[in-house]
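Welcome! Please take a look at the structure below, and then we will walk through it topic by topic.

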Amino acid sequence: MSARPRRPARSAGFAPAPRRLPGAERAHACADADRPVWLLDLDNTLHDALPAIMPRINRAMTGYVMRRVGLDEAAASALRVDYWRRYGATLLGLLRHHAVDPHEFLRDTHPFPDLHRLVRRDVRLAHLLRRLPGRKIVVTNAPGAYARGVLTALGVAPLLDGTIAIEDMTFAGRWRPKPSRPMMRRLLARLRLPAARCVLVEDTVENLRAARHCGVRTVWVSGIAWRARPAWQRPRRGQRGIDVHVRTVVQLARTPLARRLHGHSRRSE
Ligand SMILES: [Mg+2]
């Protein structure tokens, strides 16, 4: 076990706020350090959410759509998937067409009092996070309470420098989760980070493409997401917007990109 003192994962304070949050202060303080910044997706990147977590979220979302929109189960499930495909998140479709309360939606669709039993913990993840040079910030379209619960269950919360959840991805009165390019640009500006210093690690190719368009380097974690998609929907290696491809996130430290950034980080210390 590491002797490193425990500290809670922090919000990086992306949403407009009357004052800087602790995570944002920390990010600003380190912004001048010439070190890489890893922007890490959560579900199906840092852990496998497919077996136990995603089915429950999907059922809860379908139930929410049934209650709020007044559809039967089959129609509600189809609408949930349709909004996810059209807007990148079911929530965005519900906001646009049904004016739901987003906080109620997030609360009702992430019912996880038993999260610690559902999360698949892999000790290699903590080892990876200790080895990776630079800062590590989780950037997830999931709600903050759920994200913090998963990171605690994974045992990696003390190894991270912040968490940007979907509630933090709002500005100009709109919710703009990944793959929003304006959100990514605003996130980088808020943290005062040059895009070239950042690396997004993700399972969702659309999110990687958007980040690459903003100048962020990208790592595609394909192994878990592939199982969730039919063969014809699976992205191929070498696609535009993907700099590095790994099957699981624990392979990240062995990539030439990580080695190069590690060497660069050590030289600049
Ligand atoms: Mg994901």
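Axes here are lines fitted to C-alpha atoms, for helices over the stretch in contact, and angles run from 0 to 180 degrees between N-to-C directions. Helices (H or I, at least four residues) and strands (E, at least two) are DSSP runs, numbered from the N terminus. You are looking at a predicted model, in which local features need pLDDT of at least 70 and side-chain atom pairs count only at pLDDT 80 or more, while totals for chains, interfaces and linings use all residues. Residues are numbered from 1 along each chain as its sequence is written.

- The axes of helix 3 (residues 73-87) and helix 4 (residues 90-98) come within 7 Å, crossing at roughly 100 degrees.
- That makes helix 3 roughly perpendicular to helix 4 (angles under 35 degrees count as roughly parallel, over 145 as roughly antiparallel, 65 to 115 as roughly perpendicular and the rest as oblique).
- Helix 3 brings Arg 80, Tyr 83, Trp 84, Arg 86 and Tyr 87 to meet Thr 90, Leu 92, Gly 93 and Leu 94 of helix 4; two residues are in contact if their C-beta atoms, placed from the backbone, lie within 7 Å.
- By class, this contact of helix 3 with helix 4 has 5 nonpolar, 2 polar and 2 charged residues (Ala, Val, Leu, Ile, Met, Phe, Trp, Tyr, Cys and Pro count as nonpolar, Asp, Glu, Lys and Arg as charged, and the others, Gly among them, as polar).

- In the order 3-2-1-6-7-8, 6 strands form an open sheet with parallel pairing; two strands pair if DSSP finds at least two bridges between them.
- Strand 3 (162-164) and strand 8 (244-246) stand at the edges with a single partner strand each, so one side of each is left without a neighbour in the sheet.
- From one strand to the next, the twist averages 25 degrees.
- Strand 1 (residues 37-40) pairs with strand 6 (residues 198-202) in the parallel sense over 4 bridges, and Trp 38 has Val 199 in strand 6 as its bridge partner.
- Helix 10 (residues 205-213) packs on the sheet, where it touches strand 6 and strand 7 (217-221), and its direction makes about 170 degrees with that of strand 7.

- Strand 6 and strand 7 pair in the parallel sense over 4 bridges, and Leu 200 has Thr 218 in strand 7 as its bridge partner.
- Strand 7 and strand 8 run parallel and are joined by 3 bridges; Val 219 has Val 244 in strand 8 as its bridge partner.

**A look at Gly 223**

- Gly 223 is found in helix 11 (residues 223-228).
- Gly 223 counts as partly exposed because it has 15 C-beta neighbours inside 10 Å.
- Not counting residues up to four places away in sequence, Gly 223 touches Arg 247 and Thr 248.

**The whole chain**

- The protein chain has 12 helices and 8 strands.
- Of its 269 residues, 42% count as buried.

Terms used
A residue is buried if 20 or more other C-beta atoms lie within 10 Å of its own, exposed if 12 or fewer, and partly exposed in between; C-beta atoms are placed from the backbone.
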